[in-house]
Amino acid sequence: MLNYKDLWKRSLAVVPSGVHSPVRSFASVGGEPIFFSKAKGPYLWDIKGNKYIDFCLAFGPLILGHCDPEISHVIKETAENADCFGACEPYSLALAEFINRELPFLEKIRFVSSGTEAVMSTLRLARAATKREYVLKFEGCYHGHVDSLLVRAGSIPDSAGVTKIQSQNTFVLSLDDENSLEEFFQKNGKKLALAIIEPLPANNGLVVQRHSFLQKLADLCKQYGALLCFDEVISGFRVARQGMAGLTGIQADFTCLGKIIGGGFPVGAYCGRQELMDLLAPEGPVYQAGTLSANPFGMRAGLATLEKCKRDAIYEPLAELTKDFCQTLNTLLNTYTNLNWDLISFASLFWLKNKTPETIRSISAIPKEHQQNYAKIFHLFLDAGIYLPPSGFEVCFLSLAHTAEVLDEALEKIKKKLRNQSII
Ligand SMILES: Cc1ncc(COP(=O)(O)O)c(C=O)c1O
């Protein structure tokens, strides 16, 4: 009989830190990770057959839930007809045309295999288009593990192995701060190739920005001839049909997509105005390529996902359900713990956080004890059969499979667990 401890021990022997992506390791919440072997709808099953309601949802791609029947159907069909082509095929065209119809200002789209690749390629393209070197990012926004964006503040590398040369042209500003934006652009605006931001920062908590801050950034980019990239790898086709671009009315020069557009398979995309995207090879001078780019599984699963989201008009009902669920969960947590919770939701994302004197709009406003408080709740929930992301800085997701009944089931499990627990 398989058990976690054995698998974890074996993983540690052959895989660095036992995982293929750091957050999976439970390093932030303590303990050893669970090994899952099956997933369907809103549920996960571990290798012992225990069932969990999943609010981590693979960190965002599964807006329809695990193994939605329509997605499984196209995947089976694809598997019988193709694995990969490395040549032209109609599937990526259909997905590109769909995205272009939904977001017509994204005139051209290039598919890659991850969000990281999309961002990395956008950066290269922006530098080539502007013939400038500087890049601006914002504290707490994650854009994949691109060397020059793994920078904490003031061009200091945030990962061993990132050299000073790779990070020296990267500038980091605090979110929610128009004054430092003004100051930065006055000093560096004419050397800036690209400003990149998650318009809905969701990688260091859910740090919703004021519209006026995003607009100011867009205006300054325009004024100084710098390009703007909205990294919508999480928010694209998650918060609304047109993502944050639709909700804010701000059209960036570039948009990076990933997660949902691959329906659970490895897909990223970078998109933008035609004159910029046409700088790409082979016609243009900017090189970028990929053996598995536009793989038919991701293309077909992605299109089926986006079509279903549109056909079933899922966004508003899902946002309502998420909001109601968060309110009830908040009351439960405040009834049975002493940690003073104040959950926040945005569309079908939510974040478990404690109450703070002011709305959290920048990373410095997140209380120091946040991770510690979250870890306690994470383990209580896990014992109750609820799987949350194994870090307090990751956000939770709902999917179409998280029906009102499933959410009631989750609340019931949590209530039962908290009731039998001494106050934390
Ligand atoms: C906003 C954002 N950009 C880029 C990435 C990198 O995407 P990937 O993990 O597919 O490389 C992520 C991943 O979580 C992300 O959230």
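The face of helix 6 turned away from its buried side carries Asn179, Ser180, Glu183, Gln186 and Lys187, which are exposed (12 or fewer other C-beta atoms within 10 Å of the residue's own, C-beta atoms being placed from the backbone; 20 or more count as buried, and values in between as partly exposed). Helices (H or I, at least four residues) and strands (E, at least two) are DSSP runs, numbered from the N terminus. The model is a predicted one, in which local features need pLDDT of at least 70 and side-chain atom pairs count only at pLDDT 80 or more, while totals for chains, interfaces and linings use all residues. Residue numbers start from 1 along each chain as its sequence is written.

Helix 6 spans residues 178–188, and its buried residues include Leu181, Phe184 and Phe185. These three lie on the same side of helix 6 because they cover an arc of only 95 degrees around the axis, the arc being that of the directions from the helix axis to the C-beta atoms. An α-helix has 3.6 residues a turn, so residues three or four places apart point the same way. The packing partners of the buried residues of helix 6 are strand 5 (134–138), strand 6 (170–173) and helix 7 (211–224).

At the level of the whole chain, the protein is divided into domain 1 (4–63 + 314–419) and domain 2 (69–311), with bounds that come from an automatic or database domain assignment. A distance of 26 Å separates the C-alpha centres of domain 1 and domain 2. In the interface, 22 residues of domain 1 are in contact with 27 residues of domain 2, where contact requires C-beta atoms, placed from the backbone, within 7 Å. On the side of domain 1 that touches domain 2, the elements giving two or more residues are strand 11 (344–346) and strand 12 (349–351). That side of domain 1 is made up of 16 nonpolar, four polar and two charged residues. In this classification Ala, Val, Leu, Ile, Met, Phe, Trp, Tyr, Cys and Pro count as nonpolar, Asp, Glu, Lys and Arg as charged, and the others, Gly among them, as polar.

An open sheet of mixed pairing is formed by four strands in the order 1-2-3-13, pairing being assigned if DSSP finds at least two bridges between two strands. Strand 1 (36–40) and strand 13 (386–387) are the edge strands, each pairing on one side only. Strand 2 (residues 43–46) and strand 3 (residues 51–54) are antiparallel and share three bridges. Within this pair, Tyr43 has Ile53 as its bridge partner, and Trp45 has Lys51. The two strands form a hairpin with four residues between them, and Gly49 in the turn has a positive phi of about 95 degrees. Strand 3 runs parallel to strand 13, joined by two bridges, and Ile53 stands opposite Ile386.

Further backbone features occur in loops. The peptide bond from Ala281 to Pro282 is cis, with omega near 15 degrees, and Pro282 is placed in the loop between helix 9 (274–277) and helix 10 (296–311). Cys67, which is not a glycine, has a positive phi of about 45 degrees and is found in the loop between strand 3 and helix 2 (69–81).

Definitions and conventions:
Two residues are in contact if their C-beta atoms, placed from the backbone, lie within 7 Å.
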